[in-house]
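Hi,

Here is the structure I promised to pass on. Have a look at it first, and my notes follow below.

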Amino acid sequence: MGMIQTLTCPSCHESWEIATGQGILHSTLDRVLKVFPQDTQMEIRKEVQGQLIPVFHFHYSMAACSRCKNMVAVPVIHIPESGHTYTSLCPQCGTSANLEIFDEDAVPACPRCGEGHLTVEDTGRWD
Ligand SMILES: [Zn+2]
Ligand SMILES: [Zn+2]
């Protein structure tokens, strides 16, 4: 089940709406891999090679991008067999080096002004 979360900064009043969690569409590895860059796809395929039904955990995580200064939802996949976790790119600016991934119940600092701590509100669901 995916959640729509609205993040608001009490300091600069910037707000973002992001879709976190996972939807029904993400139940097969083939569909999940589409949201990762080509080289990550190849690495993941190598890791699950030989598994009849690949085991993976996938969800969109709340993240802050320090490059474009946005709060975003970033695809994250974990392969239990290898213990590796792969993170996709920032959907706003297409880079991955500047992402900070947050837990579901984290209270991130505002990436825009760096002053306020964002209020996180669950405002809907998606699947
Ligand atoms: Zn702010
Ligand atoms: Zn970005």
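This is a predicted model: local features need pLDDT of at least 70, side-chain atom pairs count only at pLDDT 80 or more; totals for chains, interfaces and linings use all residues.

Helices (H or I, at least four residues) and strands (E, at least two) are themselves DSSP runs, numbered from the N terminus.

Residues are numbered from 1 along each chain as its sequence is written, and chains are lettered from A and ligands numbered from 1 in the order in which they are written.

Overall picture

The protein has two helices and seven strands, and from the N terminus on the order is β-β-α-α-β-β-β-β-β. Its radius of gyration (taken over C-alpha atoms) is 15 Å, close to the 14 Å from the globule rule (2.2 Å times the number of residues to the power 0.38) for 127 residues, so the protein is as compact as a globular protein of that length. The C-alpha trace spans about 50 × 30 × 20 Å along its principal axes.

For burial I count C-beta atoms, placed from the backbone: 20 or more others within 10 Å makes a residue buried, 12 or fewer makes it exposed, and in between it is partly exposed. On that scale, buried residues make up 28% of the 127. Two residues are in contact if their C-beta atoms, placed from the backbone, lie within 7 Å. Of the contacts with a separation of 6 or more, 62% are between residues 24 or more positions apart.

Strand 1 (residues 2-8) pairs antiparallel with strand 2 over seven bridges, and Thr 6 sits opposite Glu 17 of strand 2. The two strands form a hairpin with six residues between them. His 13 counts as exposed, because it has 11 C-beta neighbours inside 10 Å.

Ala 19 is in strand 2 and, with 15 C-beta neighbours inside 10 Å, is partly exposed. Leaving aside neighbours within four places in sequence, Ala 19 is in contact with Gly 2, Ile 4, Tyr 60, Ala 73 and Trp 126. Ala 19 and Arg 125 are 106 residues apart in sequence, yet their C-alpha atoms are 8.2 Å apart.

Why call strand 3 largely enclosed by the rest of the structure? Strand 3 covers residues 57-65, and seven of its nine residues are buried, so the rest of the structure largely encloses it.

On one pairing, nine bridges join strand 3 to strand 4 (residues 70-79), and the two run antiparallel. Ala 64 stands opposite Met 71 there. Lys 69, in the loop between strand 3 and strand 4, has a positive phi of about 55° although it is not a glycine. Lys 69 is partly exposed, with 16 other C-beta atoms within 10 Å.

Strand 3 also pairs with strand 6 (residues 99-101), again antiparallel, over three bridges. The bridge partner of Cys 65 in strand 6 is Leu 99. Glu 100 belongs to strand 6 as well and counts as partly exposed, with 14 C-beta neighbours inside 10 Å. Not counting residues up to four places away in sequence, Glu 100 touches Ala 63 and Ala 64.

The cores

A nonpolar core here means a set of buried Ala, Val, Leu, Ile, Met, Phe, Trp, Tyr and Cys residues joined through C-beta atoms within 7 Å. Which residues of the largest core touch the most other members? Of its 18 residues, they are Ile 18, Ala 63, Met 71, Val 72 and Val 74. Strand 2 (15-21), strand 3 and strand 4 each supply at least two residues of this core, and strand 3 gives the most, with five. Apart from this core lies another, of eight residues, including Val 32, Phe 36, Ile 44 and Ile 77.

As for Val 74, beyond four places in sequence its contacts are Tyr 60, Ser 61, Ala 63, Thr 87, Ser 88, Cys 90, Leu 99 and Ile 101.

Cheers

How values were computed:
Two strands pair if DSSP finds at least two bridges between them.
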